[in-house]
Amino acid sequence: MASGVTSKTFMWGLMGLLILGLGGFGVSNLSGNIRSIGSVGDVDIEVEDYARALQEDIRAVEAQTGQSLSFDQVEAFGIDGNVLGRLIGQAALDNEAQKIGLSIGDDNLSKQIFEIEAFQGANGFDRETYKFALDQAGYSEAKFEEDLRADSVRGILQSAVISAASMPSSYSETLVAYAAERRNFTWARLDAADLAADLPAPSEEDLVAYHQDNADDFTTPAMKRITYAWLSPDDLVSEIPVEEDRIQALYESRSDELNVPERRLVERLVYPDADAAEAAKLALENGEKDFEALVADRGLELQDIDMGDVSKADLDAAGGAVFNAAVNDVVGPFDTGLGPALFRVNGVLPGQTVTLEEAREELHAELASDAARRKIATVAETVDDLLAGGAALEELQKETGMQLASIDWHQDAPDPVAAYGAFQEAAAKVQSGDYPEVIYLDDGGIVALRLEEEIPAKLQDLDTVRDAVIAGWKVEATTEALAEQAQALVAKLVAGEDMAALGLTAQVETDITRDQFIPDTGEGFLDTVFGMEAGDVTVITAADSVAIVKLDKVLGPDASNPEIGGFRDMLSEQANAGIAQDLYAAYARAIQNDAGIALDQTAINAVHANFR
């Protein structure tokens with residue numbers, strides 16, 4: 001079966017070449033003395049095959065990206081290497097097939113050729129169509145049939161290697177049993193409000209110890225003190241004149257965005273006739289039914305009658321009444337294209353009106369931003385020249401109007417300039433003594449920077465971070481006190497007492513799997529639960545709370561859940577595919593090593609020269 005799949009894959013790949021019309025590739029331009037680019041064992045890798053395969057892969061990438069590739073890009077992307085590796089693998093299989101005398105008969109070859117759609121005429125396979133298609137692709141009949149025969153044989157070899165590759169069912173069953181097993185448990189959360197006694201005030205010794213034990217929390221990062229000169233488009237837009245008619249035109253084109261009419265969230269309940277609609281409205285006004293009951297009487301649900309947000313114009317005759325009504329009011333009935341209807345208002349989305357004067361600054365900035373970026377591009381040339389001449393950043397401020405500032409930079413520095421990726425990259429690399437250079441920012445701005453000094457990481461003095469230390473100590477002390485308090489309750493629960501009787505608010509969880517999340521619990525909560533045995537009671541701590549957990553039941557995967565079966569099948573397929581891939585890779589390496597690979601770099605370069 002694998003052989004058939006492989007052969008068809010080759011055939012359709014070849015048909016792609018026929019459709020692309022590779023006959024125009026100048027294989028004939030190669031030297032007549034060059035026949036192969038190398039060999040594996042006794043099988044040559046022909047120049048023509050390498051050139052054709054390389055062209056196919058290049059065109060495939062170009063079709064995918066929509067851009068033509070230079071050969072430098074082809075080499076940078078590794079396309080030539082992938083093609084060469086593939087042909088070496090094919091030649092190794094061909095060499096192995098020759099060694100063991102494996103081939104396919106002419107009847108099987110003919111059957112495959114007759115099935116190729118591109119060779120069909122009005123009455124089935126057509127020899128003239130066959131010959132013409134091969135001529136267009138630069139193939140002779142003998143060469144095409146030789147390649148097709150070889151590909152079929154490769155498929156047989158590949159199938160023989162991987163056909164028996166399968167993972168035992170215990171593999172997927174074990175993974176499913178782990179991933180989909182379930183737990184039923186009861187738990188109660190205790191936080192600071194549940195403390196039996198107030199915490200004492202921390203002593204100085206307590207704070208010193210907490211400060212030292214959690215030094216990472218109070219240590220400033222290593223930083224670089226950097227001076228920089230920055231010019232942003234925003235710095236220039238106010239200086240750039242923009243014609244009034246352009247501002248007016250942009251304002252008018254943005255009218256729908258700037259001037260938005262009020263909209264309302266509305267439900268529409270349609271009736272078959274006016275009498276039914278009037279009767280419903282009367283029942284509503286008399287308090288006999290509410291709007292939800294009227295909806296249910298029509299056999300509908302609220303989502304069935306929801307119109308979303310609508311404008312006054314969307315509602316035709318009902319628009320005036322709906323837009324004069326308050327939220328939750330029901331108005332109507334009014335005639336609609338579907339019949340008489342009642343309308344309920346669920347919300348009001350206020351409109352907005354922005355005048356030209358109010359929008360002027362923003363519109364001016366938008367229109368001026370392109371000009372500002374162009375101006376900065378010109379300034380950048382001047383800055384480049386100044387820096388090349390040895391100018392300091394301070395001189396850039398005087399000569400070009402760039403803004404001079406400094407930053408104590410680290411990866412999370414909050415300064416606006418640090419938000420630019422190019423600045424971050426340059427700041428990370430800059431060393432003492434480096435000469436400043438122009439750095440182009442993604443908004444069209446430029447910056448140049450200089451390292452002043454390296455500032456090592458430093459543990460801040462206790463007095464500097466005293467408030468944060470006190471807050472951290474309180475959280476830790478609270479959790480410790482709660483855990484001690486909870487342990488006393490655990491002993492009672494193990495003895496058979498009930499959570500409710502102990503004043504705990506019990507929460508019951510059923511059919512919980514490992515990948516779920518339980519609100520108000522800390523990191524690792526479910527990991528701990530899944531490590532418990534049925535009947536166990538334990539305390540699980542979080543940052544500022546604890547949970548008392550009693551594991552009620554350990555359950556296996558839910559056999560009635562169809563997703564479990566799909567998950568099991570997916571795991572089996574992935575495992576089988578992985579084994580097959582590894583087996584074939586090992587086999588391919590073995591036959592290549594056994595046969596020996598010889599490559600002619602001169603011939604390869606000659607092929608590449610035709611693509612440049």
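1. Helix α2 passes helix α4 in a right-handed crossing (a crossing is right-handed if the near helix is turned clockwise from the far one by less than a right angle, and left-handed if anticlockwise). Helices here are DSSP runs of H or I with at least four residues, and strands are runs of E with at least two, numbered from the N terminus. The model is predicted: local features need pLDDT of at least 70 and side-chain atom pairs count only at pLDDT 80 or more, while totals for chains, interfaces and linings use all residues. Residues are numbered from 1 along each chain as its sequence is written, and side-chain values use heavy atoms, with hydrogens and water left out.

2. The axes of α2 (residues 47-65) and α4 are 10 Å apart, and the packing angle is about 135°. This angle makes α2 oblique to α4. Axes are lines fitted to C-alpha atoms, for helices over the stretch in contact, and angles run from 0 to 180 degrees between N-to-C directions. Angles under 35 degrees count as roughly parallel, over 145 as roughly antiparallel, 65 to 115 as roughly perpendicular and the rest as oblique.

3. On the α2 side the contact (heavy atoms within 4.5 Å) involves Asp 49, Tyr 50, Ala 53, Leu 54, Asp 57, Ile 58 and Val 61, which meet Ile 79, Asp 80, Val 83, Leu 84, Arg 86 and Leu 87 of α4. These residues divide into nine nonpolar, no polar and four charged. Ala, Val, Leu, Ile, Met, Phe, Trp, Tyr, Cys and Pro count as nonpolar, Asp, Glu, Lys and Arg as charged, and the others, Gly among them, as polar.

4. The largest nonpolar core has 42 residues, and those with the most contacts inside it are Ile 37, Tyr 50, Leu 54, Phe 119 and Phe 144. Helix α4 (residues 79-100) gives the most to this core, with nine residues. A nonpolar core is a set of buried Ala, Val, Leu, Ile, Met, Phe, Trp, Tyr and Cys residues joined through side-chain atoms within 4.5 Å. Buried means under 20% relative accessible area, exposed over 50%, and partly exposed in between (1.4 Å probe, protein chains only).

5. Leaving aside residues up to four places away in sequence, Tyr 50 touches Ile 37, Asp 80, Val 83, Leu 84, Leu 87, Ile 604, Val 607 and His 608. A second, separate core of 28 residues includes Leu 231, Leu 258, Ile 376 and Leu 396.

6. Helix α4 also packs on helix α22 (residues 562-595), at an angle of about 70° and with the axes 9 Å apart. This makes α4 roughly perpendicular to α22. The residues in contact include Ala 92 and Leu 93 of α4 and Tyr 584 and Tyr 587 of α22. By class, the contact has seven nonpolar, three polar and three charged residues.

7. Helices α17 (residues 356-388) and α18 (residues 393-400) pack at about 140°, with axes 11 Å apart, and are therefore oblique to each other. Their crossing is right-handed. Val 379, Thr 382, Val 383, Leu 386 and Leu 387 of α17 meet Leu 396, Glu 399 and Thr 400 of α18.

8. Two loop residues may be set side by side. Ser 232, in the loop between β7 and α10 (233-236), counts as buried because its relative accessibility is 6%. Glu 533, in the loop between α21 (525-530) and β17 (537-541), counts as exposed at 53%.
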